[in-house]
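Reader: I would like a close look at a single part of this structure. Please keep it brisk.

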Amino acid sequence: LLGPADAVIFDIQDMGMRCYTYITNLKFIMDCLNGSGIELIVLDRPNPASFLGVDGAFLEKRFTTRFISAFPSTFLYDMTAGESAEYYRGEFAKEVKLRVIRMKGYDRDMLYTETALPWVPPSPNLPTYESSILYTAMVLMEGINISLGRGTPKPFEYIGAPWIEPVSFCRGLEELGLKNFRFRPVYFLPTFSKHSSTRCGGAQIFYLGGKFSPTEVSFMIIKYIMKTYPQARWDSFGGSYEIDSLAGTDRLRKAIMSGKDYSDFRKEIEKESSMFNKKRKKFLIY
């Protein structure tokens with residue numbers, strides 16, 4: 001609940017992904033301010049994942065959660081925080097008094113490294129710009145029982161589990177043909193999160209640059225792991241699958257379990273994703 005205030009200032013570096021909770025915070029703030037007459041001032045910042053475009057499934061209402069899936073968008077939405085606020089007001093919170101402080105000299109085709117801004121880690125597990133890009137491709141794997149390197153010096157660069165042998169694992173990953181990535185066999189010991197204090201075999205992932213579909217990368221790696229390792233399973237909480245909340249749909253999990261290709265899944269989500277992409281364009285600033 002908000003007390004007396006002239007304005008609320010939102011000054012947070014977003015990552016451009018629905019499951020990254022900063023965009024959820026923006027939604028909640030706008031819901032609270034809707035109709036209050038209190039001004040919301042968004043100090044805009046670049047979207048590090050903007051070059052990847054719109055990607056993944058549009059959030060289905062039944063998979064809305066309090067934090068990782070609350071903002072009504074595709075998995076990646078290709079909007080800055082200011083543009084996201086304009087979109088949410090235009091479509092859902094029409095009585096928010098909004099002012100976006102726009103960036104000077106910014107073009108949405110810029111990579112973050114071209115903005116001349118220093119990388120200030122938005123959270124402990126995204127220490128570098130490269131880790132933030134890997135995060136887009138790896139975070140859906142939080143839905144299965146493998147470590148994503150949390151509790152190591154290389155979060156989202158290491159993936160693995162105690163029951164994975166690194167050399168054969170990396171050989172299988174290379175055979176997936178993910179041209180933007182390379183894989184090196186490693187062992188690592190997470191100090192917290194999944195498989196804490198347990199030696200894991202797996203891969204160090206290297207991003208080589210270029211545009212890719214984060215959802216496709218996650219789909220293909222998860223499918224490979226689920227097919228190859230009998231110990232692999234879907235993580236669940238309170239009777240719900242974590243992957244469904246992350247992806248915003250159960251169609252990704254069901255497509256993997258039925259042996260479908262990513263192209264089949266993409267066709268299933270194409271209509272909703274295209275509708276969102278068309279709507280968001282009305283609210284773009286840059």
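Which residues are buried in helix α4 (residues 166-174)? Please take the surroundings along too.

Author: This is a predicted model. In α4, the buried residues are P166, F169, C170, G172 and L173. Around the helix axis they cover an arc of only 160°, so they sit on the same side of α4.

What does that side pack against?

Now the N-terminal end of α4. E165 caps it. One of its side-chain oxygens lies 3.1 Å from the backbone nitrogen of V167.

S147 has a relative accessible area of 2%; the cut-off for buried is under 20%, so S147 counts as buried. Its side chain reaches the backbone nitrogen of G149 at 3.1 Å. Beyond its neighbours within four places in sequence, S147 is in contact with Y158, I159, G160, F188, P190, K194, H195 and C200.

For another packing in the model, take two other helices. Helix α1 (residues 21-33) packs with helix α2 (residues 81-91) at an angle of about 40°. Their axes are 11 Å apart. The two helices are therefore oblique to each other. Their crossing is right-handed. On the α1 side, I23, L26, K27, M30 and D31 take part. They meet A81, S84, A85, Y88 and R89 of α2.

Note on methods. Residues are numbered from 1 along each chain as its sequence is written. This is a predicted model: local features need pLDDT of at least 70, side-chain atom pairs count only at pLDDT 80 or more; totals for chains, interfaces and linings use all residues. Side-chain values use heavy atoms; hydrogens and water are left out. Buried means under 20% relative accessible area, exposed over 50%, partly exposed in between (1.4 Å probe, protein chains only). Helices (H or I, at least four residues) and strands (E, at least two) are DSSP runs, numbered from the N terminus. The arc is that of the directions from the helix axis to the C-beta atoms. A polar contact is a pair of N or O atoms within 3.5 Å; within protein, one must be able to donate a hydrogen and the other to accept it, and residues adjacent in sequence count only if both atoms are side-chain atoms. Contact means heavy atoms within 4.5 Å. Axes are lines fitted to C-alpha atoms, for helices over the stretch in contact, and angles run from 0 to 180 degrees between N-to-C directions. Angles under 35 degrees count as roughly parallel, over 145 as roughly antiparallel, 65 to 115 as roughly perpendicular and the rest as oblique. A crossing is left-handed if the near helix is turned anticlockwise from the far one by less than a right angle, and right-handed if clockwise.
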